[in-house]
Amino acid sequence: MDYGFSKEQEMLKKAARQFAETKVAPRVLEIDDKGDFPFDLVRQMGQMGLIGLVNSKQYGGSGMGHLSRMVVIEEMARVYPSLGFFFQAGNLLMYALENFGTEEQKKRYIPDLCKGAKVSSFAVTEQSGGSDPSAMMTTASRNGAGYVVNGRKSYITNADVADVLGFVAKSEGGFSALFVEKGTPGYEVTRREPRPGFRSIPVNELSFTDCHVSQANLIGQEGRGMAAALPTISAIGRTGAAGVALGATQGAYEGALKFCKERVLYGKPISDLQALQFMLVDMNTDIEAARWISYRPAVLMDQGKSVKDLGVDIARAKYLAVDVALRNCLKAQQAMGAYGQSPEYRVEMYLRDMLELLTAGGTQEIMKVVIGRAITN
Amino acid sequence: MDTVVCIKQVPHPDHFSQITLDPVTKAIRREGVPLVMNPVDRHAIEAALQLRDKFPGKVTVLTMGPPQSREALEEALAMGADEGVLLCDRAFAGADAYATALTIAAAIRKFCPFSLILCGCETADSGTRMVGPMLAEFLDVPYATNVRAMKVMDKGICLVEADMEGGCMKVELGLPALITVNRAVNEPRIPDVMGIIGVADKLLSTYGANDLGLPAEKLGLTGSPTRVAGVWEFKKDRRSEVLKGNPKNASSDAVARLREWGGL
């Protein structure tokens, strides 16, 4: 099926698949079992230019755009959803700095993040939840030529491995977006959340205790932090979640299809049984539908449409792709019977991982609120 | 040092079950089967790129095939090759190994100065392993096949280790020469994003029969001295037999039975 990929995007998809199948696939069980962050794979992806696709060439990216990023996330998640999920959070600060940061910030941080030499994270959610960011308690109080930050953040992806962490805090005039480097006094990653899925990607709690942050670390304008954070979450976090969902569903579907063609029951492959065929058809159709809906906002962003105007399209993509993923990863497991629950067949991993996407980038219910407001307005 | 790498686009090995054959010409019907660069050709490209790091020069990738073969060349350019040459003409269609080698030799002689020619040792589709050696003969250069390791010395000498049945042969070749490599020679790189973006700026030339100066009767099916007389599928039957008795006797029986069935 033709999604209007350029020749470069076709080649990128092929290269990403080649990387995923040759460098990642043989190690998935080992990495997922140990739960260690795959630094070496992230570096290799960076060296290949896969991390900086939405960043411009002048800052070390390639400017290939959002659809290209979606395709790469999909290809990684098809083989190992955790690696796709790395992009969901790992690109947030890169996007925020490029679109709202100063020239100095862009030059200093984006190139190393594109190369995978450094890793970043972005923190908004607190213990009060992520659905109402205005209720956050973390504060950034003016102090001379900078801020003193106090508070805690929860469920922050990549925080433990991040060299630099972007965050939003209450400040004068509203909320401000700032960032801190690893090792800054007063900033500490306090806990790794035990999670059922995305085992090699840490999700952490972190705290700020009288943490001094320089004025030079302010992203955008003071008091206008949400104007930087919300489009970033939408353009990168939600589209990223949709991409991971698409890739994982594709991986689960391919696994189930292969299994059904090989598994013999009553003297013939179970793929000949209509009951199984119908399951496979549902999966195949769902994936195609979710893919079209998810690619649309990515294509429109590449065409220059503002993220703000695409909020509903992006929410729809995240909502549908994750819904499709959960439904179909479960279906894949069902189609494979007891084998579907064996780690060696990986379908159970896809299902565990997809549970994490229910909340990543905003809950499914928040996506519905965004869409609901728009259609009832 | 200028290197020419000869590559081929072949049906994707994962889709071989979808391949059908033309009942008249016995040629492979490619319609509907995804095509990829012949897997071992990637190793030949990688070898050329590694050599270029030590001995600066140009790496040209060349293929003969239908227009879609351009995709394989573009992939090679994304890996890092400098230029591509596509030999594409209906007159080339149906060429056997001899006519293919003759055509490629004419193109290399005319358009691609070289110190070294690299090929994959075999193609995943027809697998004759003949085009490389024939090409060397037509170009009158020494060659080594099935090479697992190679090293170019400063004095225009190339040392290679070539795999043979049950052993390995060390060969010294004076350049210019031709080498066909196997998969053990290196690990081919995956194209990176900047390589992919850079393809659009690289030269990819297309030449037809008129550009090569070869008479029409030497090209394609007409110029092919071999014809495929017949093609058939292997029937794979499974036979099973339980051998009873103590393990020593059973294993001797098993060996005898396998010999009898032609399995050893």
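**Model and confidence**

The complex is a predicted model. The predictor assigns it an ipTM of 0.88 and a pTM of 0.89. For chain B, the average pLDDT is 92. In that chain, 100% of the residues score at least 70.

**The two chains**

The table sets out overall values for each chain.

| Property | Chain A | Chain B |
|---|---|---|
| Secondary structure | 12 helices and 10 strands | seven helices and 13 strands |
| C-alpha trace span along principal axes | about 80 × 45 × 40 Å | about 70 × 45 × 40 Å |
| Residues counted as buried | 54% of 377 residues | 41% of 264 residues |
| Contacts at least 6 apart that join residues at least 24 apart | 75% | 69% |

Chain A is built from 12 helices and 10 strands. Its radius of gyration is 21 Å, close to the 21 Å from the globule rule for 377 residues, so chain A is as compact as a globular protein of that length.

**Domains of chain A**

How is chain A divided by the domain assignment? Domain 1 runs over 7-115, domain 2 over 120-224 and domain 3 over 226-376. Taken over C-alpha atoms, the centres of domain 1 and domain 2 of chain A are separated by 23 Å. The two domains meet through 21 residues of domain 1 and 17 residues of domain 2. On the domain 1 side, the elements giving two or more residues are α2 (28-34), α5, α6 (92-100) and α7 of chain A. By class, that side of domain 1 has 15 nonpolar, four polar and two charged residues.

**Helix α3 of chain A**

Helix α3 of chain A spans residues 39-48. Which of its residues are buried? They are A:L41, A:V42, A:M45, A:G46 and A:M48. These residues cover an arc of only 165° around the axis, which means that they sit on the same side of α3(A). The spacing fits a general rule. An α-helix has 3.6 residues a turn, so residues three or four places apart point the same way.

The face turned away from the buried side carries A:F39 and A:D40, and these residues are exposed. What covers the buried residues of α3(A)? The cover includes three helices of chain A: α1 (7-24), α5 (81-90) and α7 (103-115). Chain B also takes part, through its α5 (193-198). After α3(A) comes A:G49. Its phi is positive, near 90°.

**The interface between the chains**

How many residues of each chain are in contact? On chain A there are 11, and they are in contact with 10 residues of chain B. The largest share of the chain A side comes from α1(A), which gives six residues. Sorted by class, the chain A side has seven nonpolar, three polar and one charged residue.

How values were computed
Residues are numbered from 1 along each chain as its sequence is written. Chains are lettered from A and ligands numbered from 1 in the order in which they are written. This is a predicted model: local features need pLDDT of at least 70, side-chain atom pairs count only at pLDDT 80 or more; totals for chains, interfaces and linings use all residues. Helices (H or I, at least four residues) and strands (E, at least two) are DSSP runs, numbered from the N terminus. The radius of gyration is taken over C-alpha atoms; the globule rule is 2.2 Å times the number of residues to the power 0.38. A residue is buried if 20 or more other C-beta atoms lie within 10 Å of its own, exposed if 12 or fewer, and partly exposed in between; C-beta atoms are placed from the backbone. Two residues are in contact if their C-beta atoms, placed from the backbone, lie within 7 Å. The arc is that of the directions from the helix axis to the C-beta atoms. Ala, Val, Leu, Ile, Met, Phe, Trp, Tyr, Cys and Pro count as nonpolar, Asp, Glu, Lys and Arg as charged, and the others, Gly among them, as polar. pLDDT is the predictor's confidence in each residue, from 0 to 100. Domain bounds come from an automatic or database domain assignment.
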